[in-house]
Amino acid sequence: MVILLTGAAGFIGSHLTEHLLGLGHTVIGFDNFDNQYDPARKQLNLRLIKGHRNVNVIEGDIRDQTLLADVLRRYQCDTVVHLAARTGVRDSVREPALCLDVNVNGTLSLLEAMRTTNVRRLVMASSSSVYGNSTFVPFREDDDANLPLSPYAMSKRSAELLTHTYHHLHGFNVACLRFFTVYGPRQRPEMAISRFTEKMFGGQPITIFGDGNTSRNYTYIYDTVMGITSAINHLNGFDLLNIGGAASTNLRDLVSMIERAVGRKAVIDWQPNQPGDVTLTCADLHRASNRIGYFPSIQIEEGINRFVRWYQQSVLCS
Ligand SMILES: NC(=O)c1ccc[n+]([C@@H]2O[C@H](COP(=O)([O-])OP(=O)(O)OC[C@H]3O[C@@H](n4cnc5c(N)ncnc54)[C@H](O)[C@@H]3O)[C@@H](O)[C@H]2O)c1
């Protein structure tokens, strides 16, 4: 396959690029290296694939429909994986217009570029945040997802709805994957596991918002990449799929696991809950396992150990 991968230089995108190249696919990465976090980190993310004969990374913005259409045509792409986005709930509360512009208008621009070049296979990153504070646990894809708690969640739900429209009107085959807090090597620096690890190694206090009883269905990057790859191989019609970890973990337990892996006790700076944050995420994985054979394989403690080992070798020793 020739796959256009938006957001290729990011955390998930760079791992996926390596995996797809390993499977023998051609990857056309597309990323604007924005400054939501240090663009130099994104260049580093691409280090392992530099020079590979089956990859090209184009610097561009997904809101540039003409450029996207040119790229789809020039490289004869047959499949698109759309990961590029303004990420993060808290940033979206600070900058809602930018979040909506990139995540909704950017997705529309991509869909139009695909339509005009006759590319109709799309796997798109959505998010568990679309479930808001749903009281139906675990979260199922056929639950209502109409009460988003942040501009980010709203933008992801809107993008899902847009892709459904293109499935209906133009026969696109689409899988929207609802990722649940992905972690592992190269995780975005503002995410909790990265932040806590960095602070604990530096002997600095970690900030916890709320009472520490929030819970997340943390998903190791390997499982996320397997989920995306399976979704590419099973594209057929329109699907919404939860791609989550095996179990939900309480924030206090997560901190204890990082403490054990780092070998230091955390000093905690307790702060009030942040607007937009949800209290719990918990994925029902039946649909993903039935439709695409998705089963998460990495337990949280093992994943945290792998992450901390990577951090020691790649960040502390660099
Ligand atoms: N990491 C998670 O826990 C998680 C959870 C749920 C959903 N997601 C979704 O998965 C996707 C990937 O997330 P990630 O954690 O790898 O984030 P990331 O920020 O590391 O990667 C996103 C990439 O998109 C690029 N980008 C941003 N705006 C762009 C634009 N206008 N044009 C082109 N490129 C642009 C960025 O430069 C970045 O490299 C995102 O859509 C995110 O919303 C991630």
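Tutor: The account below begins with the ligand and its shell and then follows the elements and loops connected with that shell. The model is a predicted one, and the values given here are computed from it.

The shell around the ligand comprises 29 residues, of which Asp 31, Tyr 37, Tyr 152, Lys 156 and Val 182 come nearest. By class, 15 of the shell residues are nonpolar, eight are polar and six are charged. A side-chain N or O atom of Asp 31 is placed 2.6 Å from a ligand oxygen. For Phe 11, a backbone N or O atom lies 2.8 Å from an oxygen atom of the ligand. At Asp 34, a polar backbone atom is 3.3 Å from a ligand oxygen. The ligand taken alone exposes 820 Å², and the protein buries 98% of that area.

Several secondary-structure elements contribute to this shell. Helix H1 (11-22), strand E5 (121-127) and helix H6 (151-170) each provide at least two of its residues. The greatest contribution is that of E5, which gives three residues.

Asp 31 is among the residues that come nearest to the ligand, and E2 spans residues 26-31. Between E2 and helix H2 (39-45) runs a loop that contains Phe 33. Phe 33 adopts a positive phi of about 45°, although this residue is not a glycine. Asp 34 supplies the polar backbone atom at 3.3 Å from a ligand oxygen.

A further loop lies between E5 and H6, and Pro 138 is found there. The peptide bond leading from Val 137 to Pro 138 is cis, its omega being near 0°.

Helix H6 contains Pro 151. Excluding residues up to four places away in sequence, Pro 151 touches Ser 92, Val 93, Pro 96, Cys 99 and Leu 100. The C-alpha atoms of Pro 151 and Cys 282 are separated by 21 Å, the two residues being 131 apart along the chain.

Some of these partners of Pro 151, including Pro 96 and Cys 99, fall in helix H5, which covers residues 96-117. H5 has 22 residues and reaches 31 Å from its first C-alpha to its last, close to the 32 Å expected at 1.5 Å a residue. The helix bends by about 25° at Gly 106. Just after H5, Asn 118 takes a positive phi of about 65°.

Terms used: Residues numbered from 1 in each chain as written. Predicted model: local features only at pLDDT ≥ 70, side-chain atom pairs only at ≥ 80, totals over all residues. Heavy atoms only, no water. Near = heavy atom within 4 Å. Polar contact = N/O pair within 3.5 Å; in protein donor to acceptor, adjacent residues only side chain to side chain. Areas by Shrake-Rupley, 256 points an atom, 1.4 Å probe, with all protein chains shown as cover. Helix = DSSP H or I, 4+ residues; strand = E, 2+ residues; numbered from the N terminus. Nonpolar A, V, L, I, M, F, W, Y, C, P; charged D, E, K, R; others polar. Expected span 1.5 Å × (residues − 1). Bend = angle between axes of the 7 residues up to and from the residue. Contact = heavy atoms within 4.5 Å.
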